[in-house]
Amino acid sequence: MSLIIKGGTIVTADRTYQADVYCEDGVIKQIGENLDTPQGAEVVDASGQYVMPGGIDPHTHMELPFMGTVASEDFFSGTSAAAAGGTTMIIDFVIPSPQQSLLEAYDTWRGWAEKAATDYSFHVAVTWWDDSVSKDMGTLVKERGVNSFKHFMAYKGAIMADDEVLVNSFTRARELGAIATVHAENGELVFTLQKELFEKGITGPEGHPLSRPAEVEGEAANRAIRIAQVLDVPLYIVHNSAKDALQEIMRARGEGQRVYGEVLAGHLLIDDSVYRHPDFEFAAAHVMSPPFRPKEHQKALWQGLQAGHLQTTATDHCCFCAPQKAAGKDDFRKIPNGTGGVEDRMGVLWHHGVNSGKLTMNEFVAVTSANAAKIFNIYPRKGAILEGADADIIVWDPAKKRTISAKTHHQNVDFNIFEGMEVKGANTVTISQGKIVYKDGKLLTEKGAGRYIDRPPFASYYDALKIKRASEEPTPVNRKSGKTEAA
Ligand code: URQ
Ligand code: ZN
Ligand code: ZN
């Protein structure tokens, strides 16, 4: 299977240049000007267009069982919709129930994901603690290609990790050379505020953001950062929605702590007015956590992304249709939390990021693909246009206009949070493992063609920590002589 992309301008996280790309057996074999077209190779004409690494969405929840129902998007429809929008890899989440073996949950999610159309990997959530969890974390890192462990600081009474779980799990992650990631909201505060609001008679979706104010996110972000600092563990905070969390990340990074921040396309573009919409279905369709925030937070998040304080963008694609959201008709606490977006992230970020001048094209590639690949240790196999890298590539027409709508999207959900948004710039071709999976509006994905991508533990982070620790270690003093001992 061979394919050549001719006449395009390659845009990666670090450079922009004219060259052709030849792919064979799913890998980029040759990059160069005016390459010959080998016999039998499929030709993609990219003239006047950009050739970029396929998007990587480091935060999705396909067919997630959650809040008494199951997300409506499965691994095939979700990875197909992703491909339609220029994303060629997702990192999803294995979320064991408390007391459930992590390995057993991992095997269950692996089974669900076999239908995926494009490549995928899994963060594994630590939702409880005992020695078996520690042991399973070791097996997952050493034998199952997992290098990131998720902790939900929210969702009390369900999957919430308290400080004891955080400290134990972060310590274990460090031993294994893995990165800790968190959903940073104080679950105890949310629980109390939800109860207070409901008892005051606020039962509609407008209660959702009121029960999770930005301070609740800021507290948890700071707590996770401080725990990671004391335990010397790299930390990745998912879906930062508020400047309160961003400020904590900026402080820590400013002091050299290894903390990374993710922001969702939705949180960059949608504000909390959606929850005051008179129509329950419209407001409930936007119920996700952390919630969409007042406008000043979007401004701060864009500045954070532009300044490099936030490194990745994602969607937290976790879809529930109107009948599912209706579970919370009389009690906002029962509205399944989650919204879609996996198909639209690339288009909305190009339009509002690059077309607006906030991001260069290279920065766009960094925040939609390369940075996630680097942070989760699959670069340059993913997130790059280099010889030897996987041939996950998009051909991008900066002039192509489209209007986003649930009526036309490929996502398996009856609502689109970007409904009606007009964007300029879109992929005309999506290539996964060297095969065209989307071209000129047609999806050509194949159920089960996706591969599970192993993510090795981090020598680099931990080497850096070792060097740092060694250089800061106080030279031991001989207690008797009072003299410093030679190192
Ligand atoms: O919290 C998450 O990331 C999952 C459960 C999706 N739902 C959401 O509201 N973000
Ligand atoms: Zn979350
Ligand atoms: Zn999530």
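Along the chain, the donors of the zinc ion (ligand 3) follow the spacing H-x1-H-x254-D. Here His61 sits in the loop between strand 8 (55-57) and strand 9 (65-66), while Asp316 sits in the loop between strand 17 (312-314) and helix 12 (322-325), so this pair ties together parts that are 255 residues apart in sequence. Helices (H or I, at least four residues) and strands (E, at least two) are DSSP runs numbered from the N terminus. The model is predicted, and for that reason local features need pLDDT of at least 70 and side-chain atom pairs count only at pLDDT 80 or more, whereas totals for chains, interfaces and linings use all residues. Residues are numbered from 1 along each chain as its sequence is written, chains are lettered from A and ligands numbered from 1 in the order in which they are written, and side-chain values use heavy atoms, with hydrogens and water left out.

## The two zinc ions

The zinc ion (ligand 3) is coordinated by His59 through NE2, His61 through NE2 and Asp316 through OD, at 2.0 to 2.3 Å. Donors are N, O and S atoms within 2.8 Å of the metal (3.2 Å for Na, K and Ca), and since water is not among the atoms, sites may look incomplete. The arrangement around the zinc ion (ligand 3) is tetrahedral because its 4 donor atoms subtend angles of 86 to 132°. Four donors count as tetrahedral if all angles lie between 85 and 135 degrees; four count as square planar and six as octahedral if opposite donors are over 155 degrees apart and all others between 65 and 115, and anything else is irregular. Both His61 and Asp316 are buried, a term for residues under 20% relative accessible area, with exposed meaning over 50% and partly exposed in between (1.4 Å probe, protein chains only).

The zinc ion (ligand 2) lies 3.6 Å from the zinc ion (ligand 3) and is coordinated at 2.1 Å by ND1 of His183 and NE2 of His239. The site of the zinc ion (ligand 2) is irregular, with angles of 57 to 146° among its 4 donor atoms. This pair links distant parts of the chain, with His183 in strand 14 (residues 179-183) and His239 in the loop between strand 15 (235-237) and helix 8 (243-254), 56 residues apart. His183 and His239 are both buried.

## The surroundings of ligand 1

Ligand 1 is surrounded by 13 residues, and the closest are Tyr155, His183, Ser289, Asp316 and Asn337; a residue is near a molecule if one of its heavy atoms lies within 4 Å of it. Of these residues, His183 also coordinates the zinc ion (ligand 2), and Asp316 also coordinates the zinc ion (ligand 3). A polar contact is a pair of N or O atoms within 3.5 Å; within protein, one must be able to donate a hydrogen and the other to accept it, and residues adjacent in sequence count only if both atoms are side-chain atoms.

| Residue | Atom of ligand 1 | Distance |
|---|---|---|
| Tyr155 | oxygen atom | 2.6 Å |
| His183 | oxygen atom | 3.1 Å |
| Asp316 | nitrogen atom | 2.6 Å |

On its own, ligand 1 has 290 Å² of accessible area, and the protein covers 100% of it; such areas come from the Shrake-Rupley method with a 1.4 Å probe, and for residues only the protein chains shown count as cover.

## Backbone features

Most residues other than glycine have a negative phi, and most peptide bonds are trans. Tyr155, one of the residues listed around ligand 1, has a positive phi near 65°. Tyr155 is found in the loop between strand 13 (148-152) and helix 4 (163-176), and it counts as buried because its relative accessibility is 15%. Asp25 also has a positive phi, of about 50°, although it is not a glycine, and it lies in the loop between strand 4 (20-24) and strand 5 (27-32). Asp25, however, is exposed, with a relative accessible area of 56%.

The peptide bond from Ser289 to Pro290 is cis, with omega near -5°, and Pro290 is placed in the loop between helix 10 (280-285) and helix 11 (295-307). Tyr379 and Pro380 are likewise joined by a cis peptide bond, with omega about 5°, and Pro380 belongs to the loop between helix 14 (361-375) and strand 18 (393-403).

## Two further buried residues

Ala384 is also in the loop between helix 14 and strand 18, and it is buried, with a relative accessible area of 4%. Leaving aside neighbours within four places in sequence, Ala384 is in contact (heavy atoms within 4.5 Å) with Ile28, Pro53, Tyr379 and Ala389. His297, found in helix 11, counts as buried at 4% relative accessibility. Not counting residues up to four places away in sequence, His297 touches Ala214, Ser241, Ala242, Lys243 and Asp244.
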